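Open the model in your viewer and keep the selection panel handy.

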Amino acid sequence: MLLRGKAHIFGNDVNTDYIISGKYKFKTLDMNELAKHVMEDLDPDFYQKINPGDFIVAGSNFGCGSSREQAPLAVKYANISAVLAQSFARLFYRNAINTGLPAVECDTANIATGDELEVDLTKGEITNRTKGIIIPVKPLPPVMIKILNDGGLAAHFRKHGGFNF
Amino acid sequence: MGQTIAEKILSLHSSKQVYANELTVARVDLFMGQDGTSPLAIQAFQEMSGKKVFNPAKVHLIIDHSAPSPIEGVSALHKLMRDFSRETGIHLHDIGEGVCHQLIPESGQIGPGSLVIGADSHTCTYGALNAFSTGVGSTDLAAGLISGQMWLKIPETIKFTCHGQLPKGVYAKDLILKLIGEVTADGATYMACEYTGETIAALSMEARFTMANMAVEMGAKAGLMEADEKTYRWLSQFTGQKFTPVKADPDAVYAKELTYDTAHLVPQVAKPHRVDNVCPVDEAAGTPVNQAVLGTCTNGRLEDLRIAAQILRHRKVHRDVRFIVAPASRRIFLAAMQEGVIQALVESGAAVVTPGCGPCVGTHNGIPADGENVISTANRNFKGRMGNSKAFIYLASPATVVASALTGEITDPRAYI
Ligand code: SF4
C-alpha cells in the first residue's frame with residue numbers, strides 16, 4: 001500500500017475529545033458530518049486545510065482518552081490516508097486498524113507541516129520528499145496486518161465468519 | 001513461570017497458558033456497550049452479517065451518556081439500541097438506571113476471575129473486583145457479540161505497592177491522581193496495573209472502584225486488585241454466585257514495580273487540561289469556581305455522596321457556584337434518599353440530575369460557559385471535555401469538590417472534615 005500526501009503536524013497527547021468532540025459524536029452516525037469537526041478544538045479550520053490523501057503527523061500518545069471509534073472514523077472520512085505518530089494510545093490504535101485506517105508508529109521529529117510524504121506500508125518506510133530523507137516504520141503485529149489487509153475487522157468477519165488468525 | 005493477575009485471568013479464558021506480549025483469542029464472560037458506542041456497534045454487527053448474539057444473557061447495553069436524550073439525533077440512536085435489544089433479547093438499561101460502570105458490577109454477573117469487555121474506555125473499573133476488564137471500540141464489540149470472543153494482546157504489568165494509611169480528608173481519588181501525576185498520561189500504555197499494599201487493603205470497595213477506574217488515564221488496559229473479604233461482602237448484595245479469585249504468583253514478572261508511602265499524602269488536584277497535570281490542593285487553592293460536579297463513574301457512589309452531605313449539612317453552597325450531583329445508579333440514588341443524604345445535598349443547593357454520566361462528557365446536564373472554571377469528581381479534564389473548549393476543568397475528590405462548592409474557590413477540604 002503506497003500513500004501520498006502532505007503532513008499536518010500536531011503535538012503530543014492528542015486525545016479523542018480533540019479528534020472529535022463528545023458533543024458531536026453522540027448525535028449522529030453520519031461520519032461525513034463528524035469529519036467536518038475533526039481536530040476542531042486544536043485547529044478550527046483543519047477540515048478545510050485537508051487535501052485528500054494527507055497525513056496527520058503527531059508526537060507521542062496519539063488518540064488517548066475514550067474508546068470512541070468515531071475518532072479514527074472521523075479522521076478517515078476527512079480523507080486523511082494515515083496517522084503517523086511517535087506512539088499511539090491503545091484504544092485508538094486498535095480502533096484505527098479495526099476500521100481500516102493505517103496507524104503508523106515512527107519517528108516523526110523530522111517531519112514539518114507541508115512536507116510531502118510517501119508512506120509505503122508494505123516496505124515499511126516513509127519517504128519525506130521535501131527533506132529527502134527516509135524514515136523507517138515500526139512493523140505492525142501480524143494480527144493487525146491481517147485485519148488491515150482484509151479491509152478492517154468487519155470485512156475480516158464477513159470473509160472468515162469469525163476470528164481467523 | 002509465575003504469572004501476574006492479568007496473565008492468569010487471560011490464561012483461564014484461553015485455550016493455553018499465556019504470558020505478556022503474546023496474543024490470544026479469549027472467551028469473554030460479559031460484554032457491555034453504552035449509548036456513545038453501541039449504535040456504531042449495531043451498525044458494524046449488521047455489516048458483519050451478524051444474525052444473532054452469541055449469548056444474549058451476557059450482553060448489556062446501557063443508555064447513560066446522554067440520558068434522557070437532549071436532542072432528536074440522540075433519540076434516534078437510543079431507539080436503535082432499544083430496538084436491537086428487543087430483537088436480540090439482550091439486557092437494555094434505559095435512562096435513569098445509572099452509569100455503565102456502576103451497573104455492570106451491580107449486575108451480579110461478574111466477579112473475581114471474570115473477563116469483561118466493554119465499549120467504553122473506563123471499563124477497567126471492574127478490576128477492583130479482581131476481574132480483567134478493558135475497553136474496546138464498537139467494531140470489536142460487534143465482533144464479540146457475534147463470536148463471544150475477543151482478540152487481545154496480553155499486557156505487561158506495572159505493580160504499585162502502597163504502604164501506610166491515608167490521612168483524614170485524603171481519599172482514593174487523591175491517591176490515584178498522585179499516581180497518574182507521577183506515572184504520566186502514557187506511562188502505562190498497553191500495560192495492566194496491579195494495585196496492592198495495606199493502603200489498598202484498607203480501602204472500601206467504592207474507593208477501590210475509583211482507583212481501578214482511572215488506570216486508563218495512565219494509558220493502561222486494566223487496573224487490577226486482589227479479592228478479599230470486602231470484595232465478597234460487596235458482591236453478596238447482588239449474587240450468590242461463587243467466583244474463583246486470582247492472585248499473582250510470587251515469582252510473577254513485572255515491567256516495573258513502584259512503591260509509595262501514602263501516610264503523608266495531601267489532597268490532590270488535576271489542573272486543566274491534562275489529567276496528569278497534578279498538584280497538591282494548596283497550589284490550586286483560591287481559584288474561583290463556577291460549577292462543581294459530584295458524580296460520574298469515578299465518584300458517584302454512596303460513600304461519595306455521604307462525604308458530600310457530611311460536609312454540607314446545614315451549610316449552603318456559595319451563591320456563585322452551580323452544584324450538580326449525579327448519583328451513579330438508581331440503587332445508589334434510592335439508598336442516598338433513604339439516608340437523608342439527597343435531602344441534605346438538595347437543601348444545601350444541589351441540582352440533582354438523572355443517575356448516569358451527568359455533565360462529564362459534555363452532552364447534557366450542565367455545559368460550562370466560556371472562561372468558566374469547573375471542579376469535578378470525574379476522571380478527565382481535557383479541553384472541551386464538558387462541551388466547551390473555552391472552559392477549565394479541575395479534577396479532585398468529592399471532599400475537595402464540595403469544600404470548593406461551599407467557598408466558591410478551590411479549597412482544601414481538611415478544615416471541613
Ligand atoms: S461518567 Fe464520564 S467517564 Fe464515566 S462512563 Fe460516563 S462519560 Fe465516561
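**Stop one: where the chains meet**

Begin with the interface of chain A and chain B, across which the rule finds three salt bridges; a salt bridge here is a side-chain nitrogen of Lys or Arg within 4 Å of a carboxyl oxygen of Asp or Glu. A word on conventions: this is a predicted model, where local features need pLDDT of at least 70, side-chain atom pairs count only at pLDDT 80 or more, and totals for chains, interfaces and linings use all residues. Residues are numbered from 1 along each chain as its sequence is written, chains are lettered from A and ligands numbered from 1 in the order in which they are written, and side-chain values use heavy atoms, with hydrogens and water left out.

Select A:Asp13 and B:Arg274: they form a salt bridge whose closest N and O atoms are 2.7 Å apart.

Now widen the selection to the residues in contact (heavy atoms within 4.5 Å): 43 in chain A and 53 in chain B. The two chains bury about 3800 Å² between them, 59% of it on carbon and sulfur atoms; buried area is the accessible area (1.4 Å probe) that two parts lose on being put together, summed over both. On the chain A side, highlight A:Phe26, A:Arg90 and A:Arg94, which lose the most area to chain B, together 20% of what that side buries.

**Stop two: inside chain B**

Next, colour chain B by domain: domain 1 is 7–260 and domain 2 is 270–411, with bounds from an automatic or database domain assignment. How far apart are the centres of domain 1 and domain 2 of chain B, taken over C-alpha atoms? They are separated by 24 Å.

Select the contacting residues again, this time 38 from domain 1 of chain B and 33 from domain 2 of chain B. The area buried between these domains is about 2900 Å², and carbon and sulfur atoms give 56% of it.

Two salt bridges cross this domain interface by the rule. To see a salt bridge in chain B, pick B:Glu217 and B:Arg380, whose side chains meet at 3.1 Å, N to O.

Finish on the side of domain 1 of chain B that touches domain 2 of chain B, where α4 (100–106), α6 (172–183) and α8 (205–213) of chain B each supply at least two residues; helices (H or I, at least four residues) are DSSP runs, numbered from the N terminus.
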